[in-house]
Amino acid sequence: MIDDRFFMQEALALAREAAACDEIPVGAIVVNPDGVIVGRGFNQPIVRRDPTAHAEIIALRDAALQMNNYRLPGCTLYVTLEPCVMCAGAMLHARIARVVFGADDPKTGACGSVIDVFSEERLNHHAEIVGGVLAEECGTLLSGFFASRRSRTAVA
């Protein structure tokens with residue numbers, strides 16, 4: 001049986017790498033059906049000057065290279081924050097089987113918080129969604145990052 005908490009801890013470690021780069025701390029991993037991590041990513045849109053450089057997109061690209069296939073059937077993507085519409089769309093195109101996320105995103109969440117891309121019946125692929133895995137740890141990392149950013153701005 002796959003241990004969602006273990007893999008979310010791996011994604012949290014990547015989120016901390018994003019924070020160290022002064023990026024929004026979101027981390028993601030892709031796990032193949034055998035339980036092996038085949039893709040890793042953390043937010044880098046500022047560093048890369050790329051609006052698509054979200055943790056999920058980077059992890060999907062890494063996994064596709066590792067698996068030598070743009071389709072990732074049977075794979076699970078773990079991410080510390082509920083995916084946005086762009087990332088959800090990429091997961092659909094990659095044929096991700098499961099999406100496991102930590103904290104809800106009430107502003108841009110595409111797994112039910114704002115919109116639910118994965119339940120749209122007219123789309124040709126659907127993934128199982130599991131939310132709230134280590135939600136408190138994921139949310140605390142994000143809120144701490146933004147609090148720190150606000151305090152730096154107030155001092156400047």
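Helices (H or I, at least four residues) and strands (E, at least two) are DSSP runs, numbered from the N terminus. With that in hand, here's a quick tour. This is a predicted model, so local features need pLDDT of at least 70 and side-chain atom pairs count only at pLDDT 80 or more, while totals for chains, interfaces and linings use all residues. Residues are numbered from 1 along each chain as its sequence is written, and side-chain values use heavy atoms, with hydrogens and water left out.

**The pocket**
- The lining of the largest pocket takes its largest share, 4 residues, from helix 5.
- A pocket here is found on a 1 Å grid over the protein atoms alone: it is an open set of points where a 1.4 Å probe fits, with protein on both sides within 12 Å along at least five of seven lines, and lining residues have an atom within 4 Å of a point.
- The largest pocket holds about 460 Å³ of space, where a volume is the space filled by probe spheres set on the points, joined across faces, edges and corners.
- It's lined by 22 residues, and nearest its centre lie Ile 24, Val 26, Leu 81, Asp 105 and Thr 108.
- Sorted by class, that lining has 11 nonpolar, 4 polar and 7 charged residues (Ala, Val, Leu, Ile, Met, Phe, Trp, Tyr, Cys and Pro count as nonpolar, Asp, Glu, Lys and Arg as charged, and the others, Gly among them, as polar).

**The core**
- The largest nonpolar core has 45 residues, and Met 8, Leu 60 and Ile 96 are among those with the most contacts inside it.
- Helix 1 (4-20), helix 3 (55-67) and helix 5 (135-155) are among the elements that each supply at least two residues of this core, and its largest share, 6 residues, comes from helix 1.
- A nonpolar core means a set of buried Ala, Val, Leu, Ile, Met, Phe, Trp, Tyr and Cys residues joined through side-chain atoms within 4.5 Å.
- Buried means under 20% relative accessible area, exposed means over 50%, and partly exposed is in between (1.4 Å probe, protein chains only).
- Met 8 lies in helix 1 and counts as buried because its relative accessible area is 0%.
- Leaving out residues up to four places away in sequence, Met 8 touches several residues, including Tyr 78, Val 100 and Cys 138; contact means heavy atoms within 4.5 Å.
- Ile 96, with neighbours within four places in sequence set aside, is in contact with Val 30, Leu 60 and Met 91, among others.

**Helix 3**

- Most residues other than glycine have a negative phi.
- Arg 95 isn't a glycine, yet its phi is positive, near 65°; Arg 95 sits in the loop between helix 4 and strand 4 and counts as partly exposed, because its relative accessibility is 22%.
- Leu 134 isn't a glycine either, and its phi is positive at about 55°; Leu 134 is in the loop between strand 5 (128-130) and helix 5 and counts as buried, because its relative accessibility is 7%.
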